[in-house]
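Please find below a colleague's note on the structure shown here. The points take up aromatic pairs, the ligand site and salt bridges in turn.

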Amino acid sequence: MTQDELKQLVARAALDYVVEGKIVGVGTGSTARLFIDALAEIKDRIPGAVASSEDTRTRLLGHGIKVFDLNEVSDIPVYIDGADEITAEMHMIKGGGGALTREKIIAAVAQKFVCIADGSKLVDVLGRFPLPVEVIPMAQAYVARELAKLGGTPVLREGFVTDNGNVILDVKGLQIVDPVDLESRINQIVGVVTNGLFARRPADVCLLGMESGVKTFTAD
Ligand code: 5RP
């Protein structure tokens, strides 16, 4: 199976987690896009969705799925999103698509985070994928110097502006042995909006697309 077919598999499997009559939180990226296409088939069973990016909002609306502002909503039973890397502890690196801040906000509100990913995303240690950090533009150089002190090599994502009007520094070369601690430390740098470590609020369920089918795992 191709990587796209594996993504398709988990995107469809995630439909089982959508709660009838309730708003669903929807992530960003190619796997999330496939999930949105699948969600369209059952759109009459839900009042609508909350979107983690403008891209996701546009795709949901294109399918005739109502999009709610997060401030109108307090109950999100499930948030469904992809990941760039995930460990067996359900810690993730996210933000390859640059939507990490809105993704993290919806994940915080949601009762359950269902991660959907092809099998290549499962890793023992996070950090081979450069860690995205969303930064207020005027703080870019300062934050880059602070990130270098943590042992990484920050690289500005050229020509990219987030939905929040900020820039992304992709930090290469980190061996992330304690993701919970590093997530907090990076977020304490003044000028950082948030970083792509999702460890303080990990996924609750991961649907992994493998040659043998969908493998479901949960944190111990
Ligand atoms: C976007 C994300 C995505 O979930 C992550 O980049 C995975 O993307 P894809 O499903 O395309 O592999 O965090 O900000």
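**Note on side-chain contacts and the ligand site**

1. Phenylalanine 198 is buried, at a relative accessible area of 1%; buried stands for under 20%, exposed for over 50% and partly exposed for the range in between, with a 1.4 Å probe and protein chains only. The model is a predicted one, in which local features need pLDDT of at least 70 and side-chain atom pairs count only at pLDDT 80 or more, while totals for chains, interfaces and linings use all residues. Residues are numbered from 1 along each chain as its sequence is written, and side-chain values use heavy atoms, with hydrogens and water left out.

2. Two aromatic pairs are present in the structure. Rings of Phe, Tyr and Trp (its six-membered ring) pair if their centres lie within 6.5 Å, and their planes count as stacked under 30 degrees apart, edge-to-face over 60 and tilted for the rest. Tyrosine 79 and phenylalanine 113 have ring centres 5.1 Å apart and planes at 80°, so this pair is edge-to-face. Because tyrosine 79 lies in strand β4 (residues 78-81) and phenylalanine 113 in strand β7 (residues 112-118), the pair ties together parts 34 residues apart in sequence. Strands (E, at least two residues) and helices (H or I, at least four) are DSSP runs numbered from the N terminus.

3. Tyrosine 79 is buried at 0% relative accessibility, and phenylalanine 113 is buried at 0%. The second pair joins phenylalanine 113 to phenylalanine 198, with centres 6.4 Å apart and planes at 85°, so it is edge-to-face. Phenylalanine 198 belongs to strand β12 (residues 197-198) and phenylalanine 113 to strand β7, so parts 85 residues apart in sequence are tied together.

4. Which residues come nearest to the ligand? Of the 17 residues around the ligand (a heavy atom within 4 Å), these are Ser30, Thr31, Asp84, Gly95 and Lys121. By class, the shell comprises two nonpolar, nine polar and six charged residues.

5. An oxygen atom of the ligand is 2.6 Å from a side-chain N or O atom of aspartate 84. For aspartate 81, the distance from a ligand oxygen to a side-chain N or O atom is 3.3 Å. A polar backbone atom of threonine 28 is 3.1 Å from an oxygen of the ligand. Taken alone, the ligand exposes 380 Å², of which the protein buries 91%; accessible areas come from the Shrake-Rupley method with a 1.4 Å probe.

6. The structure holds 14 salt bridges, a salt bridge being a side-chain nitrogen of Lys or Arg within 4 Å of a carboxyl oxygen of Asp or Glu. One of them joins arginine 12 and glutamate 41, whose closest N and O atoms are 2.7 Å apart. Arginine 12 is in helix α1 (residues 3-13), whereas glutamate 41 is in the loop between α2 (30-39) and β2 (49-51), 29 residues apart. Arginine 12 is partly exposed at 39%, and glutamate 41 is exposed at 53%.

7. Arginine 102 and glutamate 54 form a salt bridge of 3.0 Å, N to O. This pair connects helix α4 (residues 100-109), which holds arginine 102, with helix α3 (residues 54-62), which holds glutamate 54.

8. Glutamate 146 and lysine 149 form a salt bridge at 2.8 Å between the closest N and O atoms. Both lie in helix α5 (residues 140-149), three residues apart, about one turn of the helix. Glutamate 146 is buried at 19%, but lysine 149 is exposed at 65%.

Conventions:
A polar contact is a pair of N or O atoms within 3.5 Å; within protein, one must be able to donate a hydrogen and the other to accept it, and residues adjacent in sequence count only if both atoms are side-chain atoms. Ala, Val, Leu, Ile, Met, Phe, Trp, Tyr, Cys and Pro count as nonpolar, Asp, Glu, Lys and Arg as charged, and the others, Gly among them, as polar.
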